[in-house]
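Here's a quick briefing to read with the model open beside you.

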2 protein chains.
Amino acid sequence: MISIGELAIRTGVKIPTIRYYEQQGLIAAPHRSSGNQRRYSAQDAKRLGFIRHARDLGLPLDAIRELLRLSEHPGEPCGDADRIAAGHLKLVREKIARLQGLERELQRIASGCNAEHVRDCYVLQSLSNHSLCADEH
Amino acid sequence: MISIGELAIRTGVKIPTIRYYEQQGLIAAPHRSSGNQRRYSAQDAKRLGFIRHARDLGLPLDAIRELLRLSEHPGEPCGDADRIAAGHLKLVREKIARLQGLERELQRIASGCNAEHVRDCYVLQSLSNHSLCADEH
DNA sequence: CTTGAACCTCTAGCCGCTAGAGAGATTAGA
DNA sequence: TCTAATCTCTCTAGCGGCTAGAGGTTCAAG
């Protein structure tokens, strides 16, 4: 049985975030000490580690909730878990593609300014005038 | 003088967002009709277009505020605008790098699951056990 | 027994919108 | 000129995923 601070250190999840997860129903309300402080088991720590890892991979809490629910039913088919991961991967790839578009455009804009003064600034002109852009974003 | 709906259509910025920008001081409070409805000039539309374009490039409202302020002083040096654009570009590149890390890991995890049941699911095992990961994220 | 660190609950704030309620304004057609 | 449909108004609350702070209680070391 460890305190919330200890749990935070072990899992790398901040204390208010742990309480937030409890509030959101991602982890169960833990046992309490006689003085009403939270006391966690090794299993609690494992579950929080799972959440932490999934968050690090960018999964939203809803998806994590679903994955946790699944992992409590070892006999069921795991297609849903695969679908969640694949769906998230797709999302990540879309984000990358979009950001790469922005990167190209920003690179073009930011490196195109040789002006001294605002009146000739290519950055500001580009923002005013969309037609200066290479592709739409 | 055009209505807020017309402005929304022309700039592609939604009506509540236009009002939000006004509230946030990005655009000035416009003239009003006798019935208290907003009426915008061509200049207002241009400014909103600038904002829209900058938002499309992912710039935060604070940075846009600063860029707008700068563009009202044509005689001043434009180094600040360049710095804002370059700083944002850097941020975008960092985001891309991070997402590419996630992409690799998700790809590895999602494609590694040949299991039928939750108990053997590689996706769920990977989330439980960080040591299955290729690199840290 | 004292002290200081850790913990408690509760509320509010971050960003950039978005949704909805309930009321008033405008405009096109009959 | 009237009516009906569509806009527009203000205001408040909510999204996700935390984070910060106030004001109070409990714990553990010395």
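What kind of contact do the side chains of A:D62 and A:R65 meet in? They meet in a salt bridge, at 3.3 Å from N to O. Keep in mind that this is a predicted model, so take everything below as computed from that prediction.

**Salt bridges**

- Over all chains, the structure holds 20 salt bridges. As background, side chains of opposite charge can pair when their charged atoms come close.
- Back to the opening pair: A:D62 and A:R65 sit three residues apart in helix α4 (residues 61-71) of chain A, so about one helical turn separates them.
- A:D62 counts as exposed because its relative accessibility is 57%, over the 50% cut-off. A:R65, at 32%, counts as partly exposed.
- Chain B has a salt bridge between B:R65 and B:D62, again with 3.3 Å from N to O. Both residues lie in helix α4 (residues 61-71) of chain B, three residues apart, or about one turn of the helix.
- In that chain B pair, B:D62 is exposed with a relative accessible area of 57%, while B:R65 comes in at 30% and counts as partly exposed.
- Another pair to click on is A:D56 with A:R52, a salt bridge whose closest N and O atoms are 3.2 Å apart. Both residues lie in helix α3 (residues 42-56) of chain A, four residues apart, which is about one turn of the helix.
- Is A:D56 buried or exposed? A:D56 is buried, because its relative accessible area of 14% falls under the 20% cut-off.

**A positive patch on the surface**

- Which residues gather in a patch of positive charge on the surface? They are A:R55, A:K95 and A:R98, along with B:R55, B:K95 and B:R98.
- The elements giving two or more residues to this positive patch are α5 (79-111) of chain A and α5 (79-111) of chain B.
- One member, B:R55, has its place in helix α3 (residues 42-56) of chain B. B:R55 is partly exposed, with a relative accessible area of 35%.

**How the two chains are related**

- In general, two copies of a chain are related by a rotation about an axis and a shift along it.
- Here, a rotation of 180° with 0.0 Å of shift along its axis superposes chain A on chain B, with an RMSD of 0.1 Å. The two copies are therefore related as by a two-fold rotation axis.
- Which residue of chain A comes closest to the rotation axis? That's A:I96, with its C-alpha at 2.9 Å.

**Positive phi at N36**

- Most residues other than glycine have a negative phi, and most peptide bonds are trans.
- A:N36 isn't a glycine, yet it has a positive phi of about 75°. You'll find A:N36 in the loop between β1 (31-32) and β2 (38-39) of chain A, and at 51% relative accessibility it counts as exposed.
- B:N36 also has a positive phi of about 75° without being a glycine. Its spot is the loop between β1 (31-32) and β2 (38-39) of chain B, where B:N36 is exposed with a relative accessible area of 51%.

**Two more residues to look up**

- B:L7 is in helix α1 (residues 4-11) of chain B. With a relative accessible area of 1%, B:L7 is buried.
- A:R47 has its place in helix α3 of chain A, and at 27% relative accessibility A:R47 counts as partly exposed.
- A:R47 and A:A28 are 19 residues apart in sequence, with 9.9 Å between them in space, C-alpha to C-alpha.

Definitions and conventions:
Residues numbered from 1 in each chain as written. Chains lettered and ligands numbered in written order. Predicted model: local features only at pLDDT ≥ 70, side-chain atom pairs only at ≥ 80, totals over all residues. Heavy atoms only, no water. Patch = residues over 30% accessible without salt bridge, like charges linked within 9 Å, V, L, I, M, F, W, Y side chains within 5 Å. Areas by Shrake-Rupley, 256 points an atom, 1.4 Å probe, with all protein chains shown as cover. Salt bridge = Lys/Arg side-chain N within 4 Å of Asp/Glu carboxyl O. Lys, Arg positive; Asp, Glu negative; His and termini not counted. Charge placed at Lys NZ, Arg CZ, Asp CG, Glu CD. Buried < 20%, exposed > 50% of the residue type's maximum accessible area, 1.4 Å probe, protein only. Least-squares fit on C-alpha atoms with pLDDT ≥ 70 in both.
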